[in-house]
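The following report describes a protein chain together with its ligand.

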Amino acid sequence: MTGSSHEVLKSVFGFHDFRGVQEQVVDRVLAGRHSLAVMPTGAGKSLCYQLPALLRQGTGLVISPLIALMHDQIRSADALGIRAASLTSADGGRAETENRLRAGGLDLLYVAPERATTGAFRRLIAEIPLALIAIDEAHCVSEWGHDFRPDYRQLRSILDERSDVPRLALTATADARTRSDILAQLGIPDDGLIVAGFDRPNIRYHVEPRNGVAAQLKALLASQEGAGIVYAPSRDKAERIAESLSTARRPALPYHAGLDPSVRAGNQAAFVQSENMVIAATVAFGMGIDKPDVRFVAHAGVPKSIEAYYQETGRAGRDGEPAEAWLFWSASDFATARKRIETEVEPERRQGERERLNALAALVETPNCRRVILLRHFGESPPERCGNCDNCLNPPTTVDATEAARKLLSAVFRTEMRFGAGHLIEVLAGNDNEKVRRFGHHRLSVFGIATQDELALMQPVARALVARDALRADPYGGLSFGPSARAILKGEATLEIALPPPRKRRSRGRRSE
Ligand code: ADP
Ligand code: ZN
């Protein structure tokens, strides 16, 4: 195809302007240079390789990890008149696709990494002119990333066999370390990194401790118009939440992998068309869903990582109109997530997962701007306050709770790391009740050492310490030290927390008043 990139943008894609960094990426590929584009979901990554594939001589080879994604992409390419095909185990007509490729009849060829690295495939493309090689979901190449796939590691050899072909790695989620990993693994120079803005200024972030989530969600719905998604931590909870929220005026339906496929598809279709429906879903929901007017996303439990939080909340307000993101969290969510990392994640990937969870803990715990924490994680340097999150709109009164935290940690230590926050607070308050006496805790040096002000903070302090992995909770709530306990005990780290609103303060420890 001939013409300038702007002409093709109009004639083929029907768009008047590039969005964000698209033009920068397209120009670089057209100049034959290697690049890594980090762009949030919805920013328009596909166009970044589709358009140059049309303008450069040869076929654009696209490495993509999921057959369903490839087929979606091919359908939308077809609709634009772009000649695209895939070679996967799910595709028939393989000989025909290969013939089209050889005859120069394909603008784009999609292939999974495990096939791309086979000898047969390399022989097939050896003589074919390639416009570019796009590596979609490029974070899969990094062990540090959240979705490492060993097949991605093998790609380097085919890239190097065709070192004259510009390579374009694309991803929506990559923290600084994952990015430099992708650059190194795929042989892309540092100046090839192009990062789009991650901010979604129309989304207002709210974070609250969970405390009777059904009532919290009902209160939210009462003040919130429009369609929304509630993410539930399990299928079971998705069902129960849908049931408890559904009213005649505002239907709520569940969505999860355990539903009959036809029911699931029906619920999804109903949601996409609806203007006021709530869907209570597990994380499976939302992947390929195109509903720009989702007005709110609520999480009834903490997502897997800060990336997951960004992705899931990002499904709100795609139309640019004001939208809300609500997160209802509990310290036990973090305890469970940490346990999962230690028991289910391969050892070499644990540190990355821990840091992604810590970033989320920092976001829920902060008395300062939520957006700042989110955007810093994606490598941006936003201003101190966004003006559109709960903490910016309603700055909480904060206190330095370091001393209270140290007392709580000491109590955990002195009671041999197996008691829950409730008992520890009794000990710190100096209440010699039956349980305290039974364990001889009234004789400990920490008995009665906390002041009334400190006692009033102990529950939120315990939550914050669990969130930042200074304390770990066992399944019965028993607390023991986590890796960040030492820094607080030694005075190397401080803990600032938002003062809980007065009516929610616990009366524990005030018995002696
Ligand atoms: P991503 O892969 O980054 O999530 P897509 O490539 O699926 O995003 O694009 C998201 C949406 O944005 C699509 O509907 C696409 O047609 C649209 N889009 C892409 N580029 C532009 C543009 N320059 N102007 C307007 N819409 C665009
Ligand atoms: Zn803010």
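Among contacts in the protein chain between residues at least 6 apart in sequence, what percentage join residues at least 24 apart? The share is 72%, where a contact means two C-beta atoms, placed from the backbone, within 7 Å.

This is a predicted model, in which local features need pLDDT of at least 70 and side-chain atom pairs count only at pLDDT 80 or more, while totals for chains, interfaces and linings use all residues. Residues are numbered from 1 along each chain as its sequence is written, and chains are lettered from A and ligands numbered from 1 in the order in which they are written.

**Overall fold**

The protein chain holds 23 helices and 17 strands, taken as DSSP runs numbered from the N terminus (helices H or I, at least four residues; strands E, at least two). Its radius of gyration, over C-alpha atoms, is 26 Å, close to the 24 Å of the globule rule for 513 residues, so the chain is as compact as a globular protein of that length; the rule is 2.2 Å times the number of residues to the power 0.38. Of the 513 residues, 43% count as buried, that is, with 20 or more other C-beta atoms within 10 Å of their own.

**Cores**

A nonpolar core is a set of buried Ala, Val, Leu, Ile, Met, Phe, Trp, Tyr and Cys residues joined through C-beta atoms within 7 Å.

| Core | Size | Members, among them |
|---|---|---|
| Largest | 96 residues | V230, A280, L408, L428, M458, V461 |
| Second, separate | 54 residues | V29, L54, A85, L132 |

Beyond its neighbours within four places in sequence, M458 is in contact with A404, L408, A421, I425 and L428. A464 also lies in helix 22 and counts as buried because it has 23 C-beta neighbours inside 10 Å. Not counting residues up to four places away in sequence, A464 touches E365, L495 and I497.

**Helix 19**

The buried residues of helix 19 include A404, L408 and V412. They pack against helix 20 (421–429), helix 22, strand 15 (471–473), strand 16 (479–481) and helix 23 (485–489). After helix 19 comes E416, with a positive phi near 70°.

**Ligand 1**

Of the 13 residues around ligand 1, F15, R19, G44, K45 and S46 come nearest; a residue is near if its C-beta atom, placed from the backbone, lies within 6 Å. Helix 3 (residues 45–55) supplies the largest share of this shell, three residues.

Terms used: Buried ≥ 20, exposed ≤ 12 C-beta atoms within 10 Å, placed from the backbone.
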